[in-house]
Amino acid sequence: MNREFAEKYLKAIGYEREQDVAQTARLLSTLSLPQLVKNGLAISNLNLENIRTGLSGDLFMELAPNHAVNDEIQKSDIKVGDIVVVRAKPASSTKSKKLTRAKKHTSKVQESPDSGTEEDASCIGVVYKMTTQQVVLTINEHQEIQATNLLHASKPLYVTKTTNTITYKRMESTMRKLAEFEETPSNRIVQLLLNMTTFIPNKPLTGIKYFNDQLNKSQQDAIAFSMENELSIIHGPPGTGKTYTLVELILQLVLNKNQRVLVCGPSNISVDTILERLSAHLPGNLLLRIGHPARLLKSNLLHSLDILTKRGDNGALLNDIYKDIDKTIAGVRKLKSYKDRREAWNEVKTLRKELRARERSIVTDLILEAKVVVATLHGASSKELLKAYDEVPKLFDTVIIDEVSQSLEPQCWIPLISHYKSNISKLVLAGDDKQLPPTVKTEDNAKFQKQLETTLFDRLVKNYGNVFKKFLDVQYRMNETIMEFPSKAMYNGKLLAHDSVATKLLLDLPGCDTAEDTEVAVIWYDTQGDFFLESEDSDSAVFASKYNENEALVVKSHILKLIGDHVSPECIGIISPYSAQVTLIKGMIREMYPSIEISTVDGFQGREKEVIILSLVRSNDKFEVGFLQENRRLNVAMTRPKKQLCVVGNIEMLERCGNKYLRSWGEWAEQNADLRYPDIDDFSE
């Protein structure tokens, strides 16, 4: 059973990786460097100013603007935590050839980078720091020669986003290990996940003294069930306090059951939010965050393994070696011959060997002292954690996976298989299968696409029903009118609005005026008619997307009304399913109100604002609605606001497109929203 299960996923993951790499290659081969820069996928005209040593001998590359061209680093969509490639900027005459060649090597650089020459050297790394004057990347020490070649390169440098194939390799490695079990796995959790055994729930624990006395009954029930059962799913719709529930559960397991807990999630933000709230209840030495500091919330850096290794007595032990390594690396710049450089790097390697030996002891001590270790699903298999098994036979009692519905199932197996030696006795899954699924790149293979989009949450509910699942039914975010349709359409009408938010409107914000635009919870600008037809951004087939210019004008008009009623720009968010519409609205709004957040639906999951303006874009005579058919995506969009949801879109499109969910939404809006019919003449400038 486990072999068949694992091999099925190995095929799907391999195909998904190929698709992901191919899409990146297509971008690099289709777009010139200026186009990549324009689309936010690259930063050019950079100089490498310094290389220094980081944790475990990794290197920091410090890049600054080429002041002959720019005083500041260009704005882009590249952010801290992204994986990028840095290369010498191609000459304009060979630009296309260089970028095409570069994309062929993107995946290879991550495995075993070729040393190359000063002309074609490249490094792959993680963005550690980003300001207008500096980009700092961290790279693996094995790329030290390439980094030195870039340091000596006479040309300016550029960085581009790239595919992270390491995540695929970890999933594949995990599935291979699962396939190697020759008999039925001994661990009960693994047996349950593979549908090899039956589950008979234990009665929930009674008499619990909760640390948080504000928990509602559904939250308490979820905790009591999870405390007494080896497998549980906490289903948390938007605003229902899922994170507070998990924090309470962790405190109960650690402080009352003396357990060691591994907390994981698909993204850094998902686990950092839990860690941030745990830090108010547990001493710092009991909390440890595994992961690249560049990807952590600043408030959680004090729990970072990388940071803790360098502080206090630990840092003093390592500081001298760091200085010797940095001094030697700095000297490489002055060396002219390849032989002298090679000898210098051999000296660096010897120093790094000593550094790693000292670090290993410090890291293991920190891990063993912690009672709660927090990592992404991929980070759960970090070499630092796995090395700790050299000292102890068991590390963890419980694994908690948050945002499981955003995770590919093979990702969820990484902590379970990596820590199989711990014989995990409890697995808690948390998430919402009615919000965005994991991102899947595969588009031309329906079988693999469906397999990868089916999450562990989905599969367990299909195989076992709701026997594991506990539903959190009180939400603390939305006005009850905003909540009404999502509750009926997605949660069987079971979602309730807490009294503290049920009737709150924008006019309840401090300093906000009472006006027609602040005294209603749901506003809908119905954009039927020929003046609001969609367009397609076809500058590049790679970035083809829809936009609706006149809808954007309506969005801008509503913003100006809200600002006039003294709604703070920080309280406003703008969402659209289409990136071209996001770009268009940013161009209209950002300079005037830079603090208004404008994003795609995917970029807003897990977020909230006092008011959300949702631009639907689609309006055509064929009644084609594209992304709008994805009810989970729309569910995310319409559950972000707290006090007002303003929709700009064609209701007739929704009612005549043939999609039951959209028709129901349109019909609900006609009965419950404050409907407005914009006249395009009112928006002419």
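A residue is called buried when its relative accessible area is under 20%, exposed when over 50%, and partly exposed in between (1.4 Å probe, protein chains only). The structure is a predicted model: local features need pLDDT of at least 70, side-chain atom pairs count only at pLDDT 80 or more, and totals for chains, interfaces and linings use all residues. Residues are numbered from 1 along each chain as its sequence is written, and side-chain values use heavy atoms, with hydrogens and water left out.

**Exercise 1.** Decide whether Thr309 is buried or exposed.

Solution. Step 1: find Thr309 in helix H10, residues 305-310; helices (H or I, at least four residues) and strands (E, at least two) are DSSP runs numbered from the N terminus. Step 2: read the relative accessibility of Thr309, which is 0%, so Thr309 counts as buried.

**Exercise 2.** Classify Asn45 as buried or exposed, and list what Asn45 touches.

Solution. Step 1: Asn45 belongs to strand S1, residues 42-53. Step 2: Asn45 is buried because its relative accessibility is 8%. Step 3: leaving out residues up to four places away in sequence, Asn45 touches Ala64, Pro65, Asn66, Val69, Asn70, Gln74, Lys89, Pro156 and Leu157; contact means heavy atoms within 4.5 Å.

**Exercise 3.** State in what order the strands of the closed barrel run.

Solution. Step 1: six strands form the closed barrel in the order S1-S2-S5-S4-S3-S6, with antiparallel pairing; two strands pair if DSSP finds at least two bridges between them.

**Exercise 4.** Find which residues line the largest cavity, and sort them by type.

Solution. Step 1: on a 1 Å grid over the protein atoms alone, a cavity is a set of points where a 1.4 Å probe fits but cannot get out, and lining residues have an atom within 4 Å of a point. Step 2: the lining consists of Ile482, Phe485, Pro486, Val522, Trp524, Met638, Leu645, Val647, Trp665 and Trp668. Step 3: H17 gives the most to this lining, with three residues. Step 4: the lining holds 10 nonpolar, no polar and no charged residues; Ala, Val, Leu, Ile, Met, Phe, Trp, Tyr, Cys and Pro count as nonpolar, Asp, Glu, Lys and Arg as charged, and the others, Gly among them, as polar.

Notes. On a 1 Å grid over the protein atoms alone, a cavity is a set of points where a 1.4 Å probe fits but cannot get out, and a pocket is an open set with protein on both sides within 12 Å along at least five of seven lines; lining residues have an atom within 4 Å of a point.
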